[in-house]
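Open the model in a viewer and keep the sequence panel in view. The stops below say what to select and what is found there.

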Amino acid sequence: MKESSSVLNSIIALLITVSAFGAFVFLYLDKQTVYEEQLVIAKGQINDSVVTDLIRLVDRVKDIEIPTAVFEARVFESLVDHSALVPLEQTGRPDPFAPVPGLNIERQ
């Protein structure tokens, strides 16, 4: 009786493992193949759906209008620039990887 239950448990474990592997292949690998097919350029021809999506996106960006009336308003023109000019002066050494004069470091 113990042997038959051991065999039955082994068969059930095997069926669960095969089912899990089949679900993985069906759910994961199949979708990955579909996504790869949409992105792959095969034999120099671009997938039509990708081109169509790109054209739609460019058309949407092209239709964006920025109102320029904001820059002509009195409030915008009355803004004062309080930024400070940064003086142009050399910072650091011309060659940061050159040996430092007066510093004696031995390489190991």
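Predicted model: local features only at pLDDT ≥ 70, side-chain atom pairs only at ≥ 80, totals over all residues.

**Stop by stop**

Select Phe 71, a partly exposed residue with a relative accessible area of 47%.

What is the geometry of the rings of Phe 71 and Phe 76? The structure holds one aromatic pair. Its ring centres, those of Phe 71 and Phe 76, are 5.2 Å apart and the planes stand at 80°, so the pair is edge-to-face; the cut-off for that class is over 60 degrees.

Now zoom out and colour the protein chain by secondary structure.

The mean for the protein chain is 77, and 76% of the residues score at least 70. Which elements have the lowest and the highest mean pLDDT? Helix H1 (residues 2-39) has the lowest, 73, and helix H3 (residues 74-77) has the highest, 90.

Show the surface next. The protein chain exposes about 11300 Å², with carbon and sulfur atoms supplying 64% of that area. Of its 108 residues, 0% count as buried.

Select helix H2, residues 48-62, and show the side chains of Asp 53 and Arg 56. These side chains meet in a salt bridge, with an N to O distance of 3.8 Å. The count for the structure comes to one salt bridge. Why are Arg 56 and Asp 53 separated by about one helical turn? Because the two lie three residues apart in helix H2. Arg 56 counts as exposed, at 53% relative accessibility, while Asp 53 counts as partly exposed, at 47%.

Keep the view there and select Leu 54, Leu 57, Val 58, Val 61, Ile 64 and Ile 66. Together they form a nonpolar patch on the surface, with about 620 Å² of accessible area.

Finish by picking Ile 64 out of that patch. Where does Ile 64 lie? Ile 64 is in the loop between H2 and H3. Is Ile 64 buried or exposed? At 59% relative accessibility, Ile 64 counts as exposed, the cut-off for that class being over 50%.

Methods:
Residues numbered from 1 in each chain as written. Heavy atoms only, no water. Phe/Tyr/Trp six-rings, centres within 6.5 Å; stacked < 30°, edge-to-face > 60°. Buried < 20%, exposed > 50% of the residue type's maximum accessible area, 1.4 Å probe, protein only. pLDDT = per-residue confidence, 0-100. Helix = DSSP H or I, 4+ residues; strand = E, 2+ residues; numbered from the N terminus. Areas by Shrake-Rupley, 256 points an atom, 1.4 Å probe, with all protein chains shown as cover. Salt bridge = Lys/Arg side-chain N within 4 Å of Asp/Glu carboxyl O. Patch = residues over 30% accessible without salt bridge, like charges linked within 9 Å, V, L, I, M, F, W, Y side chains within 5 Å.
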